[in-house]
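Dear colleague,

Please read the notes with the model open beside you.

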Amino acid sequence: MTNQPYGSYEPHPSHEPQHQPYEPQQSYDPSQQQSQPYQPQPQPYQQQPPLQQQPQAWPGQQQEYGDPYADQQHTQQWQGQTWETQMQPPVPAPAPEAAPVRAPAPPAPGGEPPQPARQEYGPATLGGNSRVTDAQRARAEGRSPVIEPGMQPAALTAALGLLLAGGAALGTYALLVPLVVLQGVTAAGWFRLNGMWPARQGIALGFLGALVADAALLASDRSPAAILGTLGVWVLLALVMQLRSHADPDERMYGLMATVVAFALAIAAGGYLAADADAVTVGAIAVAAAVVARALPLPTAASVAVAVAVAAGAGFAVSGMEAPGAGLGAGAAVCALIGHRVASYDYPSRFVHFTAGVALPLAAAGPAVYVLGRVIG
C-alpha cells in the first residue's frame, strides 16, 4: 500500500522534499498521519519523542501565537447539575448602572479636540433616576418649586380683564368674544401646566364644552343650570375617554383628574356670562388690579395683602363708592390669587406662564363673580 493516496505527488522544484527520516526531537506533523492509513505498530519506548510542554500547532498555523485557551487554564467552571442548581432558582445578575455623565469622545485625527461633556441633569440624577424634573431637583436641593409668572403675564391678564369689563358694559355678545378667548387659553394652559402636551384632543374637547355651555347660557336666558348640565356631560365624556386608554392605571387616573379640572375651569369661566353686567365689570377690573399688584417685587405676604386691598379699592371705585363693590372686588381677588398661585407651581415653562398664568386668575374668579354678584349686589 503506497504512502501517497489519490495518485502520485511530485513536489514543486522550489519546495523541499516532504519525506524525511524520522527524528525523535522533531515536532509532530499531523499532515503525515492524515496521508497514511491507521496501522498500529508497537515501537520501543526509547524511540518515542519526549512530551512537549508547549501546545502543538496545527498545519498552517504560526507558532508565535499562544494557546487561545490559555486564559481559561487557571479558571475552573463547574457546569454540572448539583442540588443547588436543580432545586434552587437561578439568581439573576444585577443590571449595570448607566453612567449619569457621558464621557468625552476621543479627538479625531487632524481635528479639534472635543469639548468636555455637559452634565444633563442636576445632583438629583446622581441618586439613580434617569429622568428628573426641575421641581424634583428643586425639592432635592431644598429650593422652592414655585416661580411666579411675572409682570408680562400679569399685564396680559389685566388687558383681558379690561376687555371682559368693557364687553359686559357694551352687551352680552360683546362680552362673549373675550370670554371665548379666555376659555380656550384656560383649557390649553391647564393641560400644559400638568405636563400633558400637546393634548390636542383634551384641549379641543374642553374648548368645545365651554362653547356648548355658552350656547346653553344664551338659550336659557343665562341660567346657571346650563353650566352645571354641560359640566356633568363633559365629566362623563372624560371618564369614557380614560376607560378607552391603554395607559397604566396611575397614568389614567392622573389624566382623568387633569381632564376633568380642565373641563371644569373652561366651562366655569362662563360665570361671567351668567352674572350681571355690573358684577362682571367690577369683578374683572378688581382681578386686573390684583394681578398687577401681585407681580410687584414685594415679599409674598405683603404682596398678597396689597393685591387684595388694591382689588377692594378698585371694586369700591368702579361700583360707585359702594361697600358691596369693595366686597365683590376683594372676593374676586382672592379667587384670582389662588389661580395665580396654581399657575406658579412646579417650575412651569414660559409657555405655561403665558397661558395658565394669564387665564387661571380670571377663570377662577368667574364663579365668584356670579355668586358674589347675586349675594352682595
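How are α6 and α7 oriented to each other? Please keep in mind that this is a predicted model. The axes of helix α6 (residues 200–219) and helix α7 (residues 225–243) cross at roughly 160 degrees and come within 9 Å. Since angles over 145 degrees count as roughly antiparallel, α6 and α7 are therefore roughly antiparallel to each other, and their crossing is right-handed. On the α6 side the contact is formed by Q201, L205, L208, G209, V212, A213, A216 and L217, which meet A226, I227, T230, W234, L237 and M241 of α7. Sorted by class, the residues of this contact of α6 with α7 are 11 nonpolar and three polar, with no charged residue.

Helix α6 also packs against helix α8 (residues 249–268), where the two axes come within 8 Å and cross at roughly 30 degrees, again in a right-handed crossing. Here G202, L205, G206, G209, A210 and A213 of α6 meet F263, A266 and I267 of α8. The contact of α6 with α8 has six nonpolar residues, three polar ones and no charged ones. If you compare the two lists, you will find L205, G209 and A213 of α6 in the contact with α8 and also in the contact with α7.

The other helix I looked at is α5 (residues 172–193), whose 22 residues reach 31 Å from the first C-alpha to the last, close to the 32 Å expected at 1.5 Å a residue.

Helix α5 packs with helix α14 (residues 356–375) at an angle of about 120 degrees, their axes being 8 Å apart. At that angle α5 and α14 are therefore oblique to each other, and the crossing of this pair is left-handed. The contact is made by L182, V185, T186, G189, W190 and L193 from α5, together with A356, A359, L360, L362 and A363 from α14. By class, nine of the residues in the contact of α5 with α14 are nonpolar and two are polar, while none is charged.

Technical notes. Residues are numbered from 1 along each chain as its sequence is written. This is a predicted model: local features need pLDDT of at least 70, side-chain atom pairs count only at pLDDT 80 or more; totals for chains, interfaces and linings use all residues. Side-chain values use heavy atoms; hydrogens and water are left out. Axes are lines fitted to C-alpha atoms, for helices over the stretch in contact, and angles run from 0 to 180 degrees between N-to-C directions. Helices (H or I, at least four residues) and strands (E, at least two) are DSSP runs, numbered from the N terminus. A crossing is left-handed if the near helix is turned anticlockwise from the far one by less than a right angle, and right-handed if clockwise. Contact means heavy atoms within 4.5 Å. Ala, Val, Leu, Ile, Met, Phe, Trp, Tyr, Cys and Pro count as nonpolar, Asp, Glu, Lys and Arg as charged, and the others, Gly among them, as polar. The expected span of a helix is 1.5 Å times one less than its number of residues. Angles under 35 degrees count as roughly parallel, over 145 as roughly antiparallel, 65 to 115 as roughly perpendicular and the rest as oblique.
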